[in-house]
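Look at the sequence and the coordinates before reading on.

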Amino acid sequence: MRNPHRHKELEMNIIIKGCAEYILSEQRYKLTPGNIVWLFPGQEHQLTKTDSNFEMYVVVFKEDLFKKNQYLQEKYHMLSEQNPEGSFCRRVSLSSIEKLEKTCQSLCELNNKNILSPAYYYAGQAFGYKDNSPYLHSDPILLNAGLTYLMTVGWHIFLTEGAEEKNKALNPAVEKAIALLKAFPEEDFGLTDLAIKCGVSSSRLSRLFNEQIGSSIVDYKNKLKLEQFLDCIKQNPSFSISEACYMVGFGSYSQFYKIFKHSFGISPKAYFAD
């Protein structure tokens with residue numbers, strides 16, 4: 001099980017074999033063949049409960065792709081958003097999954113490097129990640145053509161035939177804890193205080209939170225601070241990284257750096273380098 005994390009890039013997951021669960025923005029979804037999942041940069045996610053047969057394609061799209069005018073039209077505009085509202089785990093026909101899978105296979109087979117297909121890649125080792133992944137594919141032009149096809153056709157299939165998957169309901173105490181943490185970010189709720197307000201014991205709230213959200217309450221509070229940090233930088237482009245991190249309540253830059261890198265997989269400086 002990976003820790004809750006997010007990526008700078010837009011990501012599409014194509015489930016082709018086995019079973020797993022995703023925790024997406026405090027909601028849980030069961031993954032089986034036929035699922036397409038879109039992960040946006042502002043969405044924290046965690047893959048859990050993968051069985052021994054589980055395989056999926058992870059297709060990563062750099063922001064540069066959305067600067068082309070044709071993607072500004074209404075149908076594709078949402079793909080350029082950081083954290084759009086809605087559910088982005090849907091079930092489509094297996095024939096449509098097979099169409100996308102064959103494109104992924106072709107991109108692997110047309111490369112003269114040793115890439116297994118079908119492949120189960122995590123971000124950082126996926127199509128289109130960082131400078132078009134020249135270390136994974138020998139022909140960036142061919143790779144980008146395939147990425148464009150996968151993005152447009154994958155989104156079209158998702159919109160036109162995707163059936164929204166039901167998520168698993170959260171325990172009321174966990175729901176209330178999340179609501180309190182979001183509503184009062186300035187409050188430094190301790191576990192005991194939060195448990196009292198939610199009407200359960202500290203140990204029960206801690207256990208339920210970990211089981212259903214996939215992280216501790218402390219980690220979740222840090223996640224909310226990271227979201228505030230990104231909003232702060234966006235609204236105040238003149239702020240330095242350190243100024244913004246202190247502004248949203250991190251106690252030290254070293255604490256912020258550690259939490260940021262754990263969540264995004266890269267340093268703050270690298271994240272804002274482009």
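Helix H5 (residues 172–183) packs against helix H8 (residues 217–235) at an angle of about 35°. Their axes lie 10 Å apart. The crossing of H5 and H8 is right-handed. From H5, the contact draws on Ile178, Leu181 and Lys182. From H8, Ile217, Tyr220, Lys221 and Leu224 take part. By class, the contact of H5 with H8 counts 5 nonpolar and 2 charged residues, with no polar residue.

All of this comes from a predicted model. The average pLDDT of the protein is 81. A score of at least 70 is reached by 84% of the residues. Residues 115–135 have a pLDDT below 50. In the model, this stretch still has 60 contacts beyond near neighbours in sequence. Where pLDDT is low, predicted coordinates should not be read in detail.

On the H2 side, the residues are Ser96, Lys99, Leu100, Thr103, Cys104 and Leu107. They meet a set in H4 that includes Leu142, Gly146, Tyr149, Val153, Ile157 and Glu161. By class, the contact of H2 with H4 has 9 nonpolar, 4 polar and 2 charged residues.

| H5 and H8 | about 35° | 10 Å | 5 nonpolar, no polar, 2 charged |

Now the strands. Which order do the 3 strands of the open sheet have? The order is S3-S2-S5, and the pairing is antiparallel. Strands S3 (27–31) and S5 (45–48) are the edge strands, each pairing on one side only. Neighbouring strands of this sheet are turned by 20° against each other on average, direction ignored.

Strand S2 (residues 20–24) and S5 run antiparallel and are joined by 4 bridges. Glutamate 21 has threonine 48 of S5 as its bridge partner. Helix H7 (residues 202–213) packs on the sheet. H7 touches S2, S3 and S5. The direction of H7 makes about 45° with that of S3.

Terms used:
Residues numbered from 1 in each chain as written. Predicted model: local features only at pLDDT ≥ 70, side-chain atom pairs only at ≥ 80, totals over all residues. Heavy atoms only, no water. Contact = heavy atoms within 4.5 Å. Nonpolar A, V, L, I, M, F, W, Y, C, P; charged D, E, K, R; others polar. pLDDT = per-residue confidence, 0-100. Pairing = 2+ DSSP bridges. Axes fitted to C-alpha atoms, helices over the stretch in contact; angles between N-to-C directions. Left-handed = near helix turned anticlockwise from the far one by under 90°.
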